[in-house]
2 protein chains.
Amino acid sequence: MAKIGFDIGGTNIAAGLVSDEGVLVKKGSLPFPQDKDFEKVMATCEQLVAALEEGETEPVRSIGVAVPGSIDATASIVLNAFNLGFSNTPLKAALEERLQKPVYLINDADAAVLAEHRIGSLRGCTNAFMITIGTGLGGGFIFNGSLYRGGRGNGTEPGHLILVNGGRHCSCGNDGCAEAYCAASRLVQDGRTYGWSNAKMVIDAAKAGDPFATAIVNAFIDDIGSYLASVINLLDPERIAVGGGVSAAGEFLMRPLRENVQRKSFFTDPTEIVVATAGNDAGIYGAAFIAE
Amino acid sequence: MAKIGFDIGGTNIAAGLVSDEGVLVKKGSLPFPQDKDFEKVMATCEQLVAALEEGETEPVRSIGVAVPGSIDATASIVLNAFNLGFSNTPLKAALEERLQKPVYLINDADAAVLAEHRIGSLRGCTNAFMITIGTGLGGGFIFNGSLYRGGRGNGTEPGHLILVNGGRHCSCGNDGCAEAYCAASRLVQDGRTYGWSNAKMVIDAAKAGDPFATAIVNAFIDDIGSYLASVINLLDPERIAVGGGVSAAGEFLMRPLRENVQRKSFFTDPTEIVVATAGNDAGIYGAAFIAE
């Protein structure tokens, strides 16, 4: 029986029908209610399920939901999802009542890792790591063939390894987190002085040979390189996938990044570093895969 | 049947007879040959086995050996153990031929983690982390109830997480590794200006209220705090054990360290941080525990 995967974001709620074979059969998307009214969120989810079920002969067995926030250890309550206005929200129970199907919750970064492992660049890996370089720095890892959800069930926050103790201030309150150095927002911050207003502009300027942009991008690569070397020295993964908007820069970033990481890695055999391939629907897929 | 555990160090080779119940029945120690002659090392090991077996009615089943260096993925060859003069040394085969018993190799930091898990402060933990703060920074972790030996079998090098990217030079070649900030050698380095020649002198001066020593120790605690917060944010362990010479400072270090870590941890539930209890014989125990 097919499952539905939801990827709830602060702008849109996307949902898709995923077959038992792991194929995304169809998908839909509606705006996330601007006033963050919970009843409207529920109604939007219900609408999407109805649209996906229409014309299907096979019933939908269960629903997985990816949310950009932290989920409690029982996977029932969204502890905090700032962009959605969720705080200690019993999302599982609310959706199960509304949709009359079993509902499973997952953090969106975890969903991306799961999708990457099942259908993307981490297929077949037993121990692997993924970072998503977007506005923030997310990620997660596959351990013994399964998604690692934390030793106490808190999950993993790989953006909050401290990379430059006492350095740039991070939104989490610490100074020097990897997220303050290895995310797109760092390129924006460093590029502002030169009139570049987004990460792509900085990368494009570096590609065109601008010396200031090149210096910014080189420092960015050096920081990501140190970060990934740290992960390798601690976990020794078989392969690392790099996802998120910044990974669109492709080999322009990846080639020097691989060299940088290999030079800093404690182990002589290079860890494969590849661009993530699960794509924009990774959240939907990962959510559907967590549903039983 | 009992097993023998070896803890081979650059100064001494220690060995102990460990019963099936995990009790260290008796132990012995001989100097490590000063010229690092391999034949002499073998002879010393043989002498120790003979001494431990003497008067025992039950035969020794197998032998575990902890070495301060890296071991290949098949656990047969010591790739590099600088202090012992070992380089691509087929230690398992050599000892098996000499001692006529199955031999198992383990890195000494891993042996300490294993001992801590079986008989020390990490007993009963499913997911836990240990750091050993000595001249260097060692450690390892317990994952799903077992010692983690790396995703590709390379083991784990937790001293080489980069804590201050571009910072103090580390013996591994990188700049800014945790080992350059969180080991006893950092206290020696910082204390030298003030005439303190070892870590204990700096800590004792801080305990006595010396303002320079206090500043050094506070910075040291802040670095270890950031390091442990990074580990927590990535792995979410149930408990962390702090071992090694520096941990002898006890609550003088541990109390402010716990506060520092908790303040920087992403998760609200504090991870327990305790002093390691397996003691000086941890290497012998861990080696015996790895023997089958």
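In chain A, 60% of the contacts with a separation of 6 or more join residues 24 or more positions apart, a contact being a pair of residues whose C-beta atoms, placed from the backbone, lie within 7 Å. This is a predicted model, in which local features need pLDDT of at least 70 and side-chain atom pairs count only at pLDDT 80 or more, whereas totals for chains, interfaces and linings use all residues. Residues are numbered from 1 along each chain as its sequence is written, while chains are lettered from A and ligands numbered from 1 in the order in which they are written.

**Chain A: overall form**

- Chain A contains 9 helices and 13 strands; these are DSSP runs, numbered from the N terminus, with helices being H or I of at least four residues and strands E of at least two.
- Because its radius of gyration of 20 Å is close to the 19 Å that the globule rule gives for 292 residues, chain A is as compact as a globular protein of that length. The radius is taken over C-alpha atoms, and the rule is 2.2 Å times the number of residues to the power 0.38.
- The C-alpha atoms of chain A fill a box of roughly 55 × 40 × 35 Å along the principal axes.
- Of the 292 residues of chain A, 52% count as buried. A buried residue has 20 or more other C-beta atoms within 10 Å of its own, an exposed one 12 or fewer, and a partly exposed one a number in between, with C-beta atoms placed from the backbone.

**Domains of chain A**

- Domain 1 covers 2-111 + 281-290 and domain 2 covers 124-275, with bounds from an automatic or database domain assignment.
- The centres of the two domains of chain A, taken over C-alpha atoms, are separated by 28 Å.
- Contact between the domains of chain A involves 5 residues of domain 1 and 8 residues of domain 2. On the domain 1 side, these residues comprise 2 nonpolar, 2 polar and 1 charged. Here Ala, Val, Leu, Ile, Met, Phe, Trp, Tyr, Cys and Pro count as nonpolar, Asp, Glu, Lys and Arg as charged, and the others, Gly among them, as polar.

**Interface and core**

- At the interface, 32 residues of chain B are in contact with 32 residues of chain A. Helix α7 (residues 211-235) of chain B gives the most to the chain B side, with 7 residues. That side divides into 12 nonpolar, 13 polar and 7 charged residues.
- The largest nonpolar core has 200 residues, and A:V65 and B:V65 have the most contacts inside it. Such a core is a set of buried Ala, Val, Leu, Ile, Met, Phe, Trp, Tyr and Cys residues joined through C-beta atoms within 7 Å.
- Beyond residues up to four places away in sequence, A:V65 touches A:F6, A:I8, A:L91, A:L95, A:V103, A:L105 and A:A287.

- B:L91, B:K92 and B:L95 are the buried residues of α2(B). They fall within an arc of 95° seen down the helix axis, so they line one face of the helix; the arc is that of the directions from the helix axis to the C-beta atoms.
- The face of α2(B) turned away from the buried side carries the exposed residues B:A93 and B:E97.
- B:Q100, in the loop between α2 and β8 of chain B, has a positive phi of about 55° although it is not a glycine. B:Q100 is exposed, with 8 other C-beta atoms within 10 Å.
- B:P102 is found in the loop between α2 (91-99) and β8 (103-107) of chain B, and is partly exposed, with 15 other C-beta atoms within 10 Å.

How values were computed: Contact = placed C-beta atoms within 7 Å.
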